[in-house]
Amino acid sequence: MEAITSTEQFNDVINSDKPVIVKFFADWCPDCKRMDMFIGDILEEFNQYDWYEVNSDEVKGLAERFDVMGIPSILIFQNGEKLAHQHSAYTKTPEEVTEFLHQQLG
């Protein structure tokens with residue numbers, strides 16, 4: 001998973017003509033650390049997509065811009081548009097994340 005470190009880089013990434021998956025997180029977030037323990041298998045299953053992560057404390061304004069009210073959150077973008085958003089309350093287990101990605105990406 002590639003880290004996004006600036007708004008400019010983020011804008012370039014989400015303008016992809018194929019879907020990209022972006023995880024919003026923060027270093028202080030216990031649920032984010034829990035997700036890190038299971039996200040590897042999900043990355044393998046959905047390895048045909050490009051995955052990115054944004055530390056919402058380091059890249060200011062992106063969470064607000066895309067209505068990320070809780071972390072971790074998983075968002076899917078294509079052609080600069082947000083296609084789907086799984087809020088933090090539903091990212092607690094690998095099953096929830098996998099189900100979301102299957103629903104959104106097939």
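Two strands pair if DSSP finds at least two bridges between them. Helices (H or I, at least four residues) and strands (E, at least two) are themselves DSSP runs, numbered from the N terminus.

First, what we are looking at. This is a predicted model, in which local features need pLDDT of at least 70, side-chain atom pairs count only at pLDDT 80 or more, and totals for chains, interfaces and linings use all residues. Residues are numbered from 1 along each chain as its sequence is written, and side-chain values use heavy atoms, with hydrogens and water left out.

Now the strand. Buried means under 20% relative accessible area, exposed means over 50%, and partly exposed is in between, using a 1.4 Å probe and protein chains only. In a regular strand the side chains alternate between the two faces of the sheet. Which residues cover each face of S2? Val20, Val22 and Phe24 are on one side, with Ile21, Lys23 and Phe25 on the other, and all are buried.

S2 has partners. It pairs with strand S3 (residues 50–55) in the parallel sense over 6 bridges, and there the bridge partner of Lys23 is Glu53. With strand S4 (residues 73–78), S2 pairs in the antiparallel sense over 5 bridges, and Ile21 stands opposite Ile76.

Next, the loops. Pro72 sits in the loop between helix H3 (62–65) and S4, and the peptide bond from Ile71 to Pro72 is cis, with omega near 0 degrees. Asp67 is found in the loop between H3 and S4; it is not a glycine, yet has a positive phi of about 60 degrees. Asp67 is partly exposed, at a relative accessible area of 43%. Asn79, in the loop between S4 and strand S5 (81–86), also is not a glycine and has a positive phi of about 50 degrees. Its relative accessible area is 49%, so Asn79 is partly exposed.

A cavity is a set of points, on a 1 Å grid over the protein atoms alone, where a 1.4 Å probe fits but cannot get out; lining residues have an atom within 4 Å of a point. How many cavities of 30 Å³ or more does the count give? The count comes to 1. The largest cavity is lined by Asp31, Arg34, Met35, Phe38, Thr91 and Lys92.

How values were computed
On a 1 Å grid over the protein atoms alone, a cavity is a set of points where a 1.4 Å probe fits but cannot get out, and a pocket is an open set with protein on both sides within 12 Å along at least five of seven lines; lining residues have an atom within 4 Å of a point. Grid points are joined across faces, edges and corners, and a volume is the space filled by probe spheres set on the points.
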